[in-house]
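Please view the sequence and structure below before reading on.

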Amino acid sequence: MKYDFDEIIDRTGTNAMNTDGFRQYIFNATEDMKFPFKDEEFIRMWIADMEFATPPEIREAVKERLDRKIMGYSQVFDPAYYEAVSNWMNRYYDWSFPKEHLETSHGIIPALYELVEYICKPNEKVLIVTPSYGFFKSAAEHNHLELVCSDLINEQGHYSIDFADFEAKASDEQVTLCIFCNPHNPSGRVWTTEELQRVGEICLNHNVWVISDEIHCDLLRTGRKHTPLSKLFPDTDRIVTCMSPSKTFNMAGLMFSNVIIANEGLRTIWQTRHYGFKNPLSIAATQAAYEHGDEWLKQLKTYLDDNFAFVDQYVKRYLPQAVFHIPEATYLAWIDIAAYVPQNVNLPLFFAEQAGVLLEDGHMFVANGGGCIRLNLACPRSVIEEGLRRISTVLVHKNEGEPVQV
Ligand SMILES: Cc1ncc(COP(=O)(O)O)c(C/N=C2\CONC2=O)c1O
């Protein structure tokens with residue numbers, strides 16, 4: 001079957017954050033915030049969900065579950081769920097874990113909030129590398145814990161871990177947890193096994209737990225290989241792995257993820273305190289993703305590869321002073337445009353008001369992201385072409401101050 005990633009899908013009236021939540025999420029504003037563009041005129045390249053139809057195999061599984069007519073309280077009881085997850089991990093990552101280590105959550109963000117509470121004591125600290133997905137900071141703040149940031153080294157857009165700094169911060173006795181993003185949002189790095197080995201050794205040697213957030217692990221550029229952190233440390237139970245097909249198959253709204261907890265004590269706390277009931281449609285969808293998602297994912301990766309190649313060529317030609325490299329994973333383009341705009345410009349507001357493009361910028365990624373914008377490329381090529389046209393127009397002609405013609 002050939003999937004249509006060029007289809008333009010109307011999401012209005014579906015309570016989508018993507019179309020209706022941007023004023024509050026990006027601008028911390030109310031619904032009456034005005035722009036020179038109608039909402040439907042915006043090119044939306046901000047939040048990380050896709051503009052592609054959730055795979056038909058997954059939608060069919062949800063319909064089949066609906067046809068069972070009753071949607072009562074549910075949990076994952078059917079062993080077929082673990083089989084589906086386990087087969088996927090074996091096939092894609094040559095990695096396995098015991099069935100009893102597998103827990104589920106209402107999404108990875110909620111899992112992070114809970115795990116930080118269950119792992120850390122009051123007045124302890126949480127270590128992350130920056131720039132970072134903003135909810136890593138929120139998970140620490142939600143639990144009233146100090147966040148410790150280790151800035152990634154940025155060499156002309158190539159990001160790497162500053163291991164001296166990372167270890168210095170991990171050696172602080174108050175640092176008891178590291179939330180590590182593997183692959184990394186927003187840089188798109190797929191950490192090498194050597195980098196992962198060093199991160200794990202530093203953390204474990206300094207008695208720092210690790211939550212390895214691997215939600216982006218299926219979304220690799222062709223030829224790239226993901227290694228679950230836990231796979232490199234089979235003898236430790238101090239690494240918690242969070243994964244979900246929600247990012248891979250565009251079903252984040254179903255709020256369902258896997259949390260692999262090797263440590264028995266932590267697992268007991270999770271089982272005692274975590275609200276165990278789950279949405280039966282989410283269970284059906286997630287199992288179907290792992291059982292039937294291969295071909296869609298294969299075609300998605302090719303489409304994304306082509307989108308990234310297009311953006312790479314476009315930026316080289318029309319924004320030659322920007323710094324951009326095709327990321328090894330994710331569907332997010334992280335572009336340093338500092339050469340085109342003064343540091344004090346509010347980039348999301350600038351592009352929303354001048355270009356009619358909704359995007360996120362480095363200030364939304366905790367620290368160490370100044371001058372950068374992040375573009376969601378999981379959308380039809382036609383949308384990307386228009387978004388880039390508008391962005392390059394206002395950057396090149398920014399002093400004219402007139403909104404771009406849509
Ligand atoms: C590293 C990482 N962890 C967790 C999540 C969310 O997991 P969920 O709660 O949906 O299971 C995201 C989504 N990233 C987003 C979502 O919008 N913009 C982003 O960068 C993410 O990038």
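The structure holds two cavities of 30 Å³ or more. The model is predicted: local features need pLDDT of at least 70, side-chain atom pairs count only at pLDDT 80 or more, and totals for chains, interfaces and linings use all residues. Residues are numbered from 1 along each chain as its sequence is written, and side-chain values use heavy atoms, without hydrogens and water.

A cavity is a set of points on a 1 Å grid over the protein atoms alone where a 1.4 Å probe fits but cannot get out; lining residues have an atom within 4 Å of a point. Points are joined across faces, edges and corners, and the volume is the space filled by probe spheres set on them.

| Cavity | Volume | Lining by class |
|---|---|---|
| Largest | about 40 Å³ | nine nonpolar, no polar, no charged |

The lining of the largest cavity includes Val315, Ile335, Ile373 and Leu388. Strand 14 (372–376) and helix 14 (381–396) are the elements that give two or more residues to this lining. Helix 14 gives the most, with three residues. Helices (H or I, at least four residues) and strands (E, at least two) are DSSP runs, numbered from the N terminus.

Ala333 lies in strand 11 (residues 332–336). Ala333 is buried because its relative accessibility is 0%; buried means under 20% relative accessible area, exposed over 50%, partly exposed in between (1.4 Å probe, protein chains only). Beyond its neighbours within four places in sequence, Ala333 contacts residues including Ile373 and Leu375. Contact means heavy atoms within 4.5 Å.

Trp88, Tyr93 and Tyr290 are among the residues lining the second largest cavity. Helix 4 (residues 79–93) gives the largest share, three residues. Trp88, Tyr93 and Tyr290 also belong to one aromatic cluster, with Tyr92 another member.

The whole structure has 28 aromatic pairs. Rings of Phe, Tyr and Trp (its six-membered ring) pair if their centres lie within 6.5 Å; planes under 30 degrees apart are stacked, over 60 edge-to-face, the rest tilted. Phe37 and Phe42 form a tilted pair, 6.0 Å centre to centre with 50° between the planes. Tyr92 and Tyr93 have ring centres 6.2 Å apart and planes at 45°, so this pair is tilted. Tyr92 is partly exposed at 29%, whereas Tyr93 is buried at 3%.

Definitions and conventions. 1 Å grid on protein atoms, 1.4 Å probe; cavity = no way out; pocket = protein on both sides within 12 Å on 5 of 7 lines; lining within 4 Å. Nonpolar A, V, L, I, M, F, W, Y, C, P; charged D, E, K, R; others polar.
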